[in-house]
Amino acid sequence: MELRYAVPDTLKDTLYVWTEREDGSDTLVFNQGYNLTSFALPISYQHPEDIFIFCIADTLGQATYDTVHVEKIDFPHFESVDCGSHFFHNLTNVRYTTNGIDYVNINNPNVNYDPNIYHLNIGFKNRY
């Protein structure tokens, strides 16, 4: 399952995104996105909040870091006895720092199988 972001103004800088694992370490979940109008990040199962660290790097080597907290309610989705249970999610709140991010807002709170829905809108500050 993915959390899909729409970028209304194309991000011309390079984007990297990390998330925290259960053991406290981090992992890169989005690498070197450039000229973005949208992107998707993995969403956890059975955790009330996902935390993402965004790094926005420009062509001059300047990097800006922000943290995005996505709060959600997870609920099981049952399809058949032959398949394992899946989880859908309902986004309840988004908090973020504003070093390079201008805003993050919920566009559609229902995270399910539909790949055409953008769940969050994110705007980046103009750095030029």
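Tutor: Leaving aside neighbours within four places in sequence, H119 is in contact (heavy atoms within 4.5 Å) with E2, L3, R4, L91, N105, I106, N107, N108, N110 and V111. Keep in mind that this is a predicted model: local features need pLDDT of at least 70, side-chain atom pairs count only at pLDDT 80 or more, and totals for chains, interfaces and linings use all residues. Residues are numbered from 1 along each chain as its sequence is written, and side-chain values use heavy atoms, with hydrogens and water left out.

Student: Where is H119 found? And is H119 buried or exposed?

Tutor: H119 is in the loop between β7 (110-111) and β8 (120-124); strands here are DSSP runs of E, at least two residues, numbered from the N terminus. H119 is buried, at a relative accessible area of 0%. Buried means under 20%, exposed over 50% and partly exposed in between, with a 1.4 Å probe and protein chains only.

Student: Switching to charges: how many salt bridges are there?

Tutor: The count is 3, where a salt bridge needs a side-chain nitrogen of Lys or Arg within 4 Å of a carboxyl oxygen of Asp or Glu. R95 and E49 meet in one of them, at 2.6 Å from N to O. R95 lies in strand β5 (residues 86-96) and E49 in strand β3, so that pair ties together parts 46 residues apart in sequence.

Student: Which other residue does R95 form a salt bridge with?

Tutor: E71, with the closest N and O atoms 3.1 Å apart. This pair also links distant parts of the chain, as E71 is in strand β4 (residues 63-77), 24 residues from R95 in strand β5. E49, E71 and R95 are linked in a network of salt bridges.

Student: How accessible are R95, at, and E71?

Tutor: R95 counts as partly exposed at 38% relative accessibility, and E71 is partly exposed too, at 24%. K72 and D74, which meet in a salt bridge at 2.9 Å, are both buried.

Student: What about aromatic pairs, how many turn up?

Tutor: The whole structure has 8, counting Phe, Tyr and Trp (its six-membered ring) with ring centres within 6.5 Å; planes under 30 degrees apart are stacked, over 60 edge-to-face, the rest tilted. Y5 and F54 have centres 6.1 Å apart and planes at 65 degrees, so the pair is edge-to-face.

Notes:
Helices (H or I, at least four residues) and strands (E, at least two) are DSSP runs, numbered from the N terminus.
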